[in-house]
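Load the model and keep the selection panel at hand. The tour below goes stop by stop.

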Amino acid sequence: MEENLEPISSDNLAETESVISTFKVSNDEIKLITDSVSSIKAEIQKVVVGQDKTLDLMLIAMLTGGHVLLEGMPGIAKTLMAKLLAKTIDVNFNRIQFTPDLMPSDVIGTSVFSLKTSEFYFNKGPIFSNLVLIDEINRSPAKTQAALFEVMEELQVSVDGTTHAMEFPFMVLATQNPIEQEGTYKLPEAQLDRFIFRIMVDYPDLLQEQQILHRFKEDFTQTNLDNVNAVITVSNLKTMKDIIQRIFIKDELIDYIAKIVVNTRNHPYLFLGASPRASMAILKSSKAMAALNGREFVTPDDIRAVTFETLNHRIILTPEKEMEGIEPEKIINDI
């Protein structure tokens, strides 16, 4: 049986504020993060309408060294947001279109024999970039998907006994269509677990749809993409990542995270619960969420704000409850 969790209130922060009074994150450092995030979002929103929460979660993943799976219907700017994120940061960007005939060597690279030197050299594949967009990740079979296992977790690629490290930053943004089944290959649980978030990207509402049409009514070729500029550097990104690591979190909130994740393993409606990697993901992303909200300490609301996207791809319902149509979101909210 699951353990009942007492709700934690965010109202009384006096104790937390007294504890962090001697902590190392300054107001200027928090302002650096909030200003940088605002600048990035302002550039992206020159083109993209809405999707505020999706952009926040993508930035949190970038700032914590995580990878993101974007899931949604075609045509709702999943690929566009990934491209624009890369444009706002002074980093290299590669796009890989996954197809049924794609081979692992097409992703990570291969050893090539040089006639001039009579030696083999490693020809790097498109995965060697800072931000890599993998479009329709479930279009390729398991052997190609497996090529991502090492690089997403260990930030390196091993070929012919030689290890090739990735440069900082390294982030994989993958997309997939949630309803298309023909010609697709379901991602294994081990692959899904390597994504810090699975973000369900929804349709725009009526007002946003109107704004999209008005914005592009005289720009069929989307030339305003050229107006999106890089606003932060790799050095800025390293600094912000260091600040987020130093965000304060109380021991009681660490226990709260642990209880949430452990209860996914004991829940009667779940066949598979979340791993310790999920606990670490919630811890890191809640710290980043606190920084985005202008605070140097984590509150329970920060944890709850990232828990669904962190857990929704790491749990599996029992067959009976899946047939009943119970959604993972309901179970996560109950826990």
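Buried means under 20% relative accessible area, exposed means over 50%, and partly exposed lies in between. D193, at 15% relative accessibility, therefore counts as buried. Keep in mind that this is a predicted model.

**Stop 1: D193 and R277**

Select D193 and R277. They form a salt bridge, with the closest N and O atoms 2.9 Å apart. D193 sits in the loop between α8 (189-192) and β9 (197-200), and R277 in helix α12 (residues 276-292), so the pair ties together parts that are 84 residues apart in sequence. R277 counts as partly exposed, at 28% relative accessibility. E153, D193, R277 and R314 are linked in a network of salt bridges.

**Stop 2: helix α12**

Of its 17 residues, 12 are buried, so α12 is largely enclosed by the rest of the structure. Among the buried ones are A278, I282, K287, M289 and L292. What do the buried residues of α12 pack against? Colour α2, α3, β9, α10, α11 and α13 to see the partners. Just after the helix, pick G294, which takes a positive phi of about 80°.

**Stop 3**

The structure holds 15 salt bridges. Two of them come next. Select R246 and E29, whose side chains meet at 2.8 Å, N to O. R246 is in the loop between α10 (234-245) and α11 (251-266) and E29 is in helix α2 (residues 27-44), so this pair ties together parts that are 217 residues apart in sequence.

Then select K53 and E309. Their side chains meet in a salt bridge at 3.3 Å, N to O. K53 belongs to helix α3 (residues 52-64) and E309 to helix α13 (residues 300-311), 256 residues apart. Which side of the pair is buried and which is partly exposed? E309 is buried, with a relative accessible area of 8%. K53 is partly exposed, at 47%.

**Stop 4: the nonpolar cores**

In soluble globular proteins, nonpolar side chains tend to be buried together. Select L85, L173 and F197. In the largest nonpolar core, of 70 residues, these three touch the most other members. Centre on L173. Leaving out residues up to four places away in sequence, L173 touches M58, V68, L70, A82, L85, L131, V132, L133 and I134. A second, separate core has 25 residues, including L69, F98, V107 and F128.

**Stop 5**

Switch to a surface view and select F113, L115 and F120. Together they make a nonpolar surface patch of about 400 Å². F113 lies in strand β3 (residues 109-114). F113 is partly exposed, with a relative accessible area of 42%.

**Stop 6: backbone exceptions**

Most residues other than glycine have a negative phi, and most peptide bonds are trans. Check the bond from F168 to P169: it is cis, with omega near -10°. P169 lies in the loop between β7 (162-165) and β8 (171-176). Next, pick E136, in the loop between β5 (131-135) and α6 (142-145). E136 has a positive phi of about 55°. Finish at D160, in the loop between β6 (156-159) and β7. D160 also has a positive phi, of about 55°, although it is not a glycine. D160 is exposed, with a relative accessible area of 62%.

Notes. Residues numbered from 1 in each chain as written. Heavy atoms only, no water. Core = buried A, V, L, I, M, F, W, Y, C linked by side-chain atoms within 4.5 Å. Buried < 20%, exposed > 50% of the residue type's maximum accessible area, 1.4 Å probe, protein only. Contact = heavy atoms within 4.5 Å. Patch = residues over 30% accessible without salt bridge, like charges linked within 9 Å, V, L, I, M, F, W, Y side chains within 5 Å. Areas by Shrake-Rupley, 256 points an atom, 1.4 Å probe, with all protein chains shown as cover. Salt bridge = Lys/Arg side-chain N within 4 Å of Asp/Glu carboxyl O. Helix = DSSP H or I, 4+ residues; strand = E, 2+ residues; numbered from the N terminus.
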